[in-house]
Amino acid sequence: MLFCIYLIILINRNLQSAMNNRFTIRILITFVLLSIITSAQGYRITIEQAEEAERILLNFRSGLLEGKVDKFTEDLDSKTYLSLANGVAGYFSSSQASNVLQDFIKTNIPLEFEFFSMKTRTFYPFGSANIKYTVKGARKSSQVFISLKPAGNAWKISQITIN
Amino acid sequence: MKNYFSGSRKYFSFLIITLILILAAGILQPVIVQNKNDNWNSEVSQLSAEIESSVIQNFKLKEKHTQDFADDVADSVAAYINNRSYGIERLFNFIGGVNDFYNIQIFENDSLLAWNSNAVLKYFDRSEFANRIGQSFFYETNLIIYFSHLTRIDANGRSLFLFVSCPIEKKYDLINKYYVPLSWQTELTEKYLTEFNVYYTSNAQFSADGRKHSCELINSNGYKIGVVTFQKPSLSFALNEIQNTFYKIQSALGILAFLFLGMVFRRRVSSISNKYVRFMFIAVYLAALRVILFLFEFPNTIIKSELTNSAYFSSVFANGIVRSPFDFLITVSLFLLICFAFFRSAVVAETDSENPVKPSWYKFVIGLIIIIPIYLLILRGLGASIRSVIFDSTLRYFRDPDLIPELPAAVMHLNVLMLGFCSLLVTVALVYILYKYSPVKYSLKGIYLFLFIFLLFQSAGFLFDYFQKQPQGTPIIRIIFVLLTFLFVYLLIAKRTSRFQLYLYFAFAASFVTVYMLNFYNSELEKESLKTTAFELIRPNENLLEFIVTEALMEADQDNNLYTPFDAADPNFEASAFKIWSNSVLQGESIGCEVNFRNHDHEYLGGFSIKFDNVFRADPNNLKAHLNGLQNIYHDQSIYRDAEIVRGVMPVKMEDDLLGYLEISVLYDINLLSGIEVPPFLSNRNSMINNTVDFDKLIILEFSSDRLIDKISSINISQPQIELMTSADLSQNNEAWLNLKINDEDYRFYLLKTDFEETKILAVGLKEKDVSWNLFEFFKIFFVHSLIILLTLLATLIIRIRKFKDYRLTFRGQLLIAFLFVSIVPMVLLAVYFRDLTEEKSMEAIFYKLGKRAVSVEEYINSYLHSTVNLNTLIEKAAFDLKIDFSIYKKGGLVYSSEQKYFDIGLMNEQLNPIVYNKFENEGILEFVASERIENYKYHSFYYKGYIGGSEYIFVVSDIFNTILIPFSDVELDIFLFGIYSLAVILIILISTILANQISSPISELTIATKSVASGDLSIELDENKTGELKIFVKGFNSMVKQLKRSQAELAELERETAWKEMAKQVAHEIKNPLTPMKLSIQQLIAAKKDGSPKFDSIFEKVTATVIDQIETLKNIASEFSSFARMPGLKVEDIDLVKVCDETINLFSQEKIKLVFSSDLRTAVIAADYDQMKRSLINLIRNSIQADASNISLSLKKDNDFYLLTITDDGDGIPAEIMEKVFDENFTTKVHGMGLGLAMVKRSIENVGGTVKIETSSSAGTTITLKLISKAEF
């Protein structure tokens, strides 16, 4: 940032008066703002991290559709918040959350699952989806919200809401 | 035939039949499925018709009940009115006591005359209801739909209308324990397993969807009052059900087949001689059974209950074999059977065996190396399991103060107890096996070795924990567990405690250990919950808030009645907003939110909010609403406290006409978590930030740049404490734990950095528990375990009643029961009385405080009242200034409430409580406390008749909205009483046991001494060092025994003398007889010789013959007397040497010597005279005592066909010169001895074919061995 400012000053000194001060000030301000913004991204989410978050979200989707919760069990946090359409809500250990979800999809058999919103380049990646399922022969649909949180170098599923 | 099908063959036949049935089911299933498929069309019509018929029948029944009830009430009301002496209060009393389920209202001239409970109809317009008189119909209020009946009553010239209604459908849903669900629609859905929709209006239409079936609800007057529509049974669901049913049948048969297989091989396994091989078979079978149950998903497929709900408890153990409390129960029950089998193999079979293990140092050391790690792993396993019970469960075993837990928690308590019991069984058996291999036992060296092993286990345990990353449990619990194990092994070996008693000890010890562990891990969980709370507080980020708002709007959009309030003549936007809130995701998320209806111009029409201050409400000018039919979600920033709000706005249209807008706003403000109180009947039972600990007990602090910027707590934090928290070392995960002392109380804090840019730290803290809480938590579960143990004991006694029917309570037992009864019963009564009294006083305090508030309100209003002041404004000002929530009624109707919104919604009734109305209006009472209810939440209201400006009003202040602080809440009182009194009970039991032992021990001493005397041991002498009557009694006893001994000796001497005299007389007499003829014969011979008789030769022959005859006679006489002088006859029978030794040992229990009997044998049967054998042992022991021995040991072992009983003492020994004479009769070295003791011993033993031998004798002691033939060889 400082280097950019120096460059601008240098260029300005060498330009003729055709380059007026107001213009210089505007350029400076722009550069300063850009610098602040980019430096605020000091804790940048890398592409790899974003891809990993996306992988977990998609893994969750396929696990639900296939009825195999153990596909994403290891991605569950040690304290995962669940809020499900069958009334179950609260914090569960990862093993318990896995079993609760397994029980849920046994009764509410998923048919379709589509993300309509997914944001992975953020500190708390999340996805919102539509899920269609059948329960006792009747088709129903719900909204799904799933969010991740950082756990060391990995992501963990911290919340699953199916309502 | 019967004999052919008995035993294993019977079970084998069952097995074959079961397998055939499984096969048959497998063949039948596709046939049935195909048949169903082919005939589905006709079947679905039939099924639909059946469901319709059943629903109509259900409806008719409801109608009949309501109608009959209404008719009965009408008749009674008419009778009351016809009775001229009736007063209106009697009518109130009558309808108030009739039936709580039905709401009754009586109108006269369109005014409400009397009512009970809730007044459903706000007002009665005859013209509106004209065509419903005498009919049943559905009446809809804002929140509830009622099934009603209107009747006209004409009596005594008056015309009244009786409106009876019962609630049938609630339009809202609350997620808390007070909510009483009510939905006929849901009832039908659950009953018929298909989705139902019930439309409670006469305008409802049939569904056009071909997949659904509709039918009308026609009342008894032939009018349509509603429509029921249900999803037709679907083929896929029906086929799925068939497949599930067959799967269940085949699973059940498969399990049954496996059980039969076990029964088939049971006898063969029992006959295996090697106990360890037998155990392996049993263990493998039971483990396989568990796996099969798991594979068939039994019992989850059959039982659908809270016990099979993994939300209560589930663990990853063994790939999910324990995924619910019931799975846990089955697993631990089978594991218990395996542990029992192991214990029996290791301990019981060992002691019964005639070929016990051959101990050696080599085996002992190998055993030590193998057993110690296994032992410690078992302990670690127990710790890990208990940890899982706490951490992998949503059950909070310690949070709720209820003594009797709910079913899932009760089952988990049982599981934990059984797990602890299993651990003790296995560990005790392991240590027992180890000790059996020790070559040094039953001696001082053996005791030292035992202690050494104990210390070795403790040290190994310490090292084991030291080298682990995460040790399970605490050092204290490990020490206690090892101590208990060794104590039980000692009881098993040295005290020969009965198995039944031992199992009882195991059970209580297991309870103690597991409760301690549960308590420990629960404390860990509570600390962990601080972390969860911190994450919950930062969880609602903007993404989630947007999702919640979107979701709530979408759910509202799907409600076909969304437009209703805009269209209604008397719109109630508040109730509609409340319904939207209660049926949406908003309620579940426990965050501040508001649901509002607005008109075209965005003006506020009405709404419902929770934890949402009015200052955060959207400005109509800034409301961002689209007109094109889409939702608009946006962020709003409030200037007030800088709170963030996410708003969503959606247009509400009917066809294409815009009616208005629905606005949903959610707020996240940490300080609002404690700011605005939510009434208990609306609070969310789920999560609520933290469900491990009461939220009110938490301290929540927020720091920014080392300053405290926000807190939820009444406690003040000092600057040094703030500095400690802000400067704490955070880990890689930006968290830390901190212990702090605040106001002399210990607190534990969890610190979390929440902002990566600024140094924002969130701290969540909890106070460490005090003694009474810790005691309560311990005894709460110990009490439940004790109940389980006692019930099991009772069941065992009932099953084995024959064995126990001759059991008699000892004197000590009677004393103990008496002490316990005398101490505990009054204590319990006192506790109950104290509790009732405290509760009563607390209630009085509450009513007093409520009363004072009511009077304060009246006084305040009256003090500011004057003609220019608006009364409503003044009343609002009173509520604001006094910070009191109250309501005011006039003539039975509500005129003001500070919590008006709950009345507007319809959760609270605007009609005055009928009991209060009756009391005030008709009985002239001025104040009254009423117990009331919203849903199932009970509260108290203080009603007070006051005046405002001369007009009569009724002021109501209740504890539902006004927090009244009392010294002891019900919960705190229960905790305190239960904790302290439980400790007192334990102390009473201990002290009573000690006292009972002390009082009964002299009696026991006397009993044993009496038995010894009865057995013939007159050398016994009791210690006279006693006091009081006992000293006189003991002295008397000793004197009696000495006298008895003297008398016995004298009698024996006298008898001996008499016997000798008699015998001498007899002998003399008998001898004289043959001597006389002998004398005569000799005299005859002498005479013949002198006379020179010629017959001398014949006389000589005759005389010599006679003399020889008489000598023969004399010889016979001598033999007979010799036989007669022998000892009395033997009574030979089968006796158990072990029992004889045990009983003999007991006779010397009061002697000041160490007398030990040891044997590996459980029984040792020989053929002998019981009394003589016992007397022999008594003689030998008595001799040792008289030889100044202080340690005498008896040991019994088997040596081929003989039993060798060795008596060893450390007395003075037998001098070598008299060694050979000691067994001779009449030989004695004692001054007062008769010299018959050892002689009798020798004779007794030899009489039964045994031998007695002095092995060694020296100044260090004597060893005598009796060798006796075992029964089989006799």
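## Terms and values

Q: Which residues is B:Glu663 in contact with, leaving aside its neighbours within four places in sequence?
A: B:Glu663 is in contact with B:Glu594, B:Val595, B:Asn596, B:Arg598, B:Ala618, B:Leu623, B:Arg647, B:Gly648 and B:Val649. Contact means heavy atoms within 4.5 Å. This is a predicted model, in which local features need pLDDT of at least 70 and side-chain atom pairs count only at pLDDT 80 or more, while totals for chains, interfaces and linings use all residues. Residues are numbered from 1 along each chain as its sequence is written, chains are lettered from A and ligands numbered from 1 in the order in which they are written, and side-chain values use heavy atoms, with hydrogens and water left out.

Q: Why is B:Glu663 called buried?
A: Its relative accessible area is 0%. Buried means under 20% relative accessible area, exposed means over 50%, and partly exposed lies in between (1.4 Å probe, protein chains only). B:Glu663 is therefore buried. The residue is found in strand 13 (residues 657–668) of chain B; helices (H or I, at least four residues) and strands (E, at least two) are DSSP runs, numbered from the N terminus.

Q: What makes B:Glu663 and B:Arg647 a salt bridge?
A: The closest N and O atoms of B:Glu663 and B:Arg647 are 3.8 Å apart. A salt bridge is a side-chain nitrogen of Lys or Arg within 4 Å of a carboxyl oxygen of Asp or Glu, and the pair B:Glu663 and B:Arg647 forms one. B:Arg647 lies in strand 12 (residues 644–654) of chain B and B:Glu663 in strand 13, so the pair ties together parts that are 16 residues apart in sequence. Both B:Glu663 and B:Arg647 are buried.

Q: How many salt bridges does a search of the whole structure find?
A: Over all chains, 34 salt bridges are found. Side chains of opposite charge can pair when their charged atoms come close.

Q: What makes B:Arg323 and A:Asp103 a salt bridge?
A: Their side chains meet at 2.7 Å, N to O. The pair crosses between chains, from B:Arg323 in the loop between helix 8 (317–320) and helix 9 (325–352) of chain B to A:Asp103 in helix 4 (residues 94–107) of chain A. B:Arg323 is buried because its relative accessible area is 15%, whereas A:Asp103, with 22%, is partly exposed.

Q: Why is B:Gln458 called buried?
A: B:Gln458 has a relative accessible area of 12%, so the residue is buried. B:Gln458 is placed in helix 12 (residues 444–466) of chain B. Leaving aside its neighbours within four places in sequence, B:Gln458 is in contact with B:Arg478, B:Ile479, B:Val482 and B:Leu483.

Q: Why is B:Thr1229 called exposed?
A: The relative accessible area of B:Thr1229 is 59%, so the residue is exposed. B:Thr1229 lies in the loop between strand 28 (1202–1209) and helix 32 (1237–1247) of chain B.

Q: How do you know that helix 6 of chain B bends, and where?
A: The bend at a residue is the angle between axes fitted to the seven residues ending there and the seven starting there. At B:Val264, helix 6 bends by about 35°. Helix 6 (residues 235–270) of chain B has 36 residues and reaches 52 Å from its first C-alpha to its last, close to the 52 Å expected at 1.5 Å a residue; the expected span of a helix is 1.5 Å times one less than its number of residues.

Q: What share of the residues in chain B is buried?
A: Of the 1274 residues in chain B, 45% are buried. The secondary structure of chain B comes to 32 helices and 30 strands.
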